[in-house]
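Hello,

Here is the structure I promised to pass on to you. Have a look at it first, and then read my notes below.

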Amino acid sequence: MAIEYEWRGAFEDEEANQLHAEGFDHKYVNDDWNEILARLSLGWVTARDRQGLVGFVNVIWDGRVHAFIEDTLVANRARRQGIGKRLIAIAVQESRAAGCEWLHVDFADHLGSFYFDACGFRPTDAGLMQLR
Ligand SMILES: CC(C)(COP(=O)(O)OP(=O)(O)OC[C@H]1O[C@@H](n2cnc3c(N)ncnc32)[C@H](O)[C@@H]1OP(=O)(O)O)[C@@H](O)C(=O)NCCC(=O)NCCS
């Protein structure tokens with residue numbers, strides 16, 4: 001099935017909310033994704049097939065040299081076909097093109113083979129604090 005990828009591609013908030021709820025296994029939440037991304041993102045990547053939004057990743061940044069991967073999502077119906085890997089590859093390319101020097105990501109242990117082996121990140125020490 002042909003997938004179309006787009007950096008800063010247009011999408012409806014509802015599509016992103018559905019994908020997020022499915023991907024992170026929570027109830028549907030009515031977030032205003034387009035408004036949030038317009039304020040806070042370097043960019044994002046959309047992946048579409050004939051049924052609609054099938055993949056998404058958000059790239060936030062510090063306005064200078066650090067970019068951060070957030071919310072890598074592929075719909076259940078299309079997993080393990082290389083879509084997630086391609087989303088990250090485009091995020092890498094566009095972050096580099098924007099002048100960033102570092103791309104960060106954090107993730108649960110079971111996704112090590114996705115981020116390290118498939119996407120090319122290397123392990124590093126990092127810190128995380130739950131605030132609420
Ligand atoms: C993580 C996620 C984005 C991967 O998307 P995907 O399109 O299925 O990934 P790809 O097909 O590009 O995977 C490439 C390789 O990464 C590895 N990989 C992908 N998903 C994996 C998983 N869930 N567990 C372990 N390895 C995985 C595999 O080696 C895979 O190659 P293979 O299929 O030939 O074995 C997708 O599973 C998802 O949306 N998960 C729910 C949301 C989530 O947890 N996002 C990450 C937040 S940090």
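A word on naming before the findings: helices (H or I, at least four residues) and strands (E, at least two) are DSSP runs, numbered from the N terminus. Residues are numbered from 1 along each chain as its sequence is written. Please keep in mind that this is a predicted model, where local features need pLDDT of at least 70, side-chain atom pairs count only at pLDDT 80 or more, and totals for chains, interfaces and linings use all residues.

Five strands form an open sheet with mixed pairing, in the order S1-S2-S3-S4-S5; two strands pair if DSSP finds at least two bridges between them. Strand S1 (4–7) and strand S5 (102–104) are the edge strands, each pairing on one side only. Strand S2 (residues 41–49) and strand S3 (residues 52–61) run antiparallel and are joined by eight bridges. In that pairing, Ser41 stands opposite Ile60 in S3. Helix H3 (residues 83–97) packs on the sheet and touches S1, S2, S3, strand S4 (66–74) and S5; contact here means C-beta atoms, placed from the backbone, within 7 Å.

Enjoy exploring it!

Best wishes

Definitions and conventions: Two residues are in contact if their C-beta atoms, placed from the backbone, lie within 7 Å. Axes are lines fitted to C-alpha atoms, for helices over the stretch in contact, and angles run from 0 to 180 degrees between N-to-C directions.
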